[in-house]
Amino acid sequence: MARKNAGLYLGVSSVGAALAESKNLLFLSSESLSSSEAKEADISDENLHWQALVRKSFRQANIEDKEVCLSLADRDFIIRSLEMPLMKKSEIESALIYEVEKYIPFKPEELVWDYQYNRLSKEKKIRVSFVGIRKNNLARTRRFLESMGLKAESVEPACLSLARIVKSDKNAKSLKNFVLLDLTSREAYLTFFQGDLPVFNRYLSIEEKEGRLDLDNFAEVVNFSFQYFQREFKETKLDKFFLVTSEADSKEMAAILEKSLSLEVKVLTPNELTSRQQSSVESLKAFGAAVREKYPYKFNPTLEAVEMKEEDIVVEPISFEVSWRWGLLSIVAGISLIFYFIATTVFENMLAYSERSFDRKENALLLPSGLQEVGWQNIDEAIGQKYKKIEKLKSFTKDRKELLPFLTALSQRAVLPPQAKFEDVRINFQQSGYQGEMRGYIYRGDDFQEREGVNDFIDNLRKNEAVRGLFSRVSLSSTSRGEVGGFSVTRFSIRLD
């Protein structure tokens, strides 16, 4: 008798559960916070809310297992695509972590991660798909499961769980470059796949208009993500767009997206994919996690922490034994001396000729008609005044050389968080000392992570010696949501006293 596997999906405000035997779906269920027994009981502890959701889903799906295959919301993960030189598999992992460090807002040691790659033989490169999650986020989830006597047998982002089910269909099996958009009334995720691997993922906010999803606004957000993908992956031609949803207006949305993206949009409902009524996107993700060992798919990540170790590098001293041949050296030195004198003479003649040519052109230079009334003397005086201003600026720079370490610190990666940009930096000198203000924005695709980035920036400024040497206090003046290039960002203003 085949073993039964339980799958569990934990979303932003909902859960899904599924029980499978081999490739066959036995039972499924999903619940959201708005309809949970915990909320009806008016329980204040959020952890108890989630426990109630999971227990109710497990009861409905007839799950008694203590080990589950876990699928987590994509917003908890970092998904990156990188191109690296063609190398052996044993060399990829050690090189990859240093490359990924450039794109993450924290230390690699804080992650558990895995990767998969495709070889691009013609270009002599590999394209790597990196998936990681912060250790503390995963540990918090494991503690939550342990509080119910459960254990996660595997952990993966929900986009892979969903792609596994979509790719099980014979019509989608051969597709390598596609887009997957899963949408519920509570959350939406857009994932681009290249060579059957995830390369870009974005969490999309749900905005309503007159009690329903604002389709035009949502399509515009999707369109911006496509523009970013096309800039970053210019050579990739997408084969199909899959929209996985149970929403009633899915056909209308598909028509809007097809028109704006010029790409075929295939609507897939959970009921069609599972051949079960009352299926949901959440339960579909749980099913995908439960059958991860049964359905062949290119990427089944095993998230592990990799310790960075500095290998001892021994540099062997190189010794030279030179047998001097003085006669040969004398000949070489003589020839070199002759070439030196010849080259010096040629360059001196060229320089003299250039100076004479420049003098002739300068004497023949006529004033433009617009400057003839001004005269050479006034022009010379104006140039002289400009030179004086330049000298004053040089003097000011020299006198204010204490600003240099501070300005240098702002450009350092240890101070300025990734994805953060300056728009304006103002520094005033008062009798009491320097005062300043910095304004900019940060984009990470998630307002919570963006606020964390601003807080990290302020902490970095407070810890930096160059900043402390000029300012005794660093404080946040304001933050606000805004748009830059069509993307929602967090703007910030920081005061320096």
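The questions and answers below go through these topics in turn.

Colleague: What kind of model is this?
Modeller: Local features need pLDDT of at least 70, side-chain atom pairs count only at pLDDT 80 or more, and totals for chains, interfaces and linings use all residues, since this model is predicted. Residues are numbered from 1 along each chain as its sequence is written, and side-chain values use heavy atoms, with hydrogens and water left out. The kind of model is thus predicted.

Colleague: How many residues of helix H9 are buried?
Modeller: Helices (H or I, at least four residues) and strands (E, at least two) are DSSP runs, numbered from the N terminus. Buried means under 20% relative accessible area, exposed over 50%, and partly exposed in between, with a 1.4 Å probe and protein chains only. H9 covers residues 281–290 and is mostly covered; among its buried residues are Glu-282, Lys-285 and Phe-287. The count of buried residues is 10 of 10.

Colleague: How many disulfides does the structure hold?
Modeller: A disulfide is a pair of cysteine sulfur atoms within 2.5 Å. Cys-69 counts as buried because its relative accessibility is 7%, and Cys-159 counts as buried because its value is 1%. The number of disulfides is zero.

Colleague: How is the pair of Phe-178 and Phe-193 classed: stacked or edge-to-face?
Modeller: Rings of Phe, Tyr and Trp (its six-membered ring) pair if their centres lie within 6.5 Å; planes under 30 degrees apart count as stacked, over 60 as edge-to-face and the rest as tilted. By this rule there are 14 aromatic pairs. For Phe-178 and Phe-193, the centres are 4.6 Å apart and the planes 10° apart, so the pair is stacked.

Colleague: Which strands does that pair link?
Modeller: Phe-178 and Phe-193 are 15 residues apart, in distant parts of the chain. Phe-178 is buried because its relative accessibility is 1%, and Phe-193 is buried because its value is 0%. The strands are S9 (residues 178–183) and S10 (residues 188–194).

Colleague: At what angle do the planes of Phe-200 and Tyr-228 lie?
Modeller: Phe-200 is in strand S11 and Tyr-228 in helix H6, 28 residues apart. Phe-200 is buried at 11%, whereas Tyr-228 is partly exposed at 27%. The pair is tilted, with 4.7 Å centre to centre and an angle of 45°.

Colleague: Which ring lies under the charged end of Arg-75?
Modeller: A charge sits over a ring if NZ of Lys or CZ of Arg is within 6 Å of the ring centre and within 35 degrees of the ring normal. The charged end of Arg-75 is 4.3 Å from the centre of the ring in question, that of Tyr-203.
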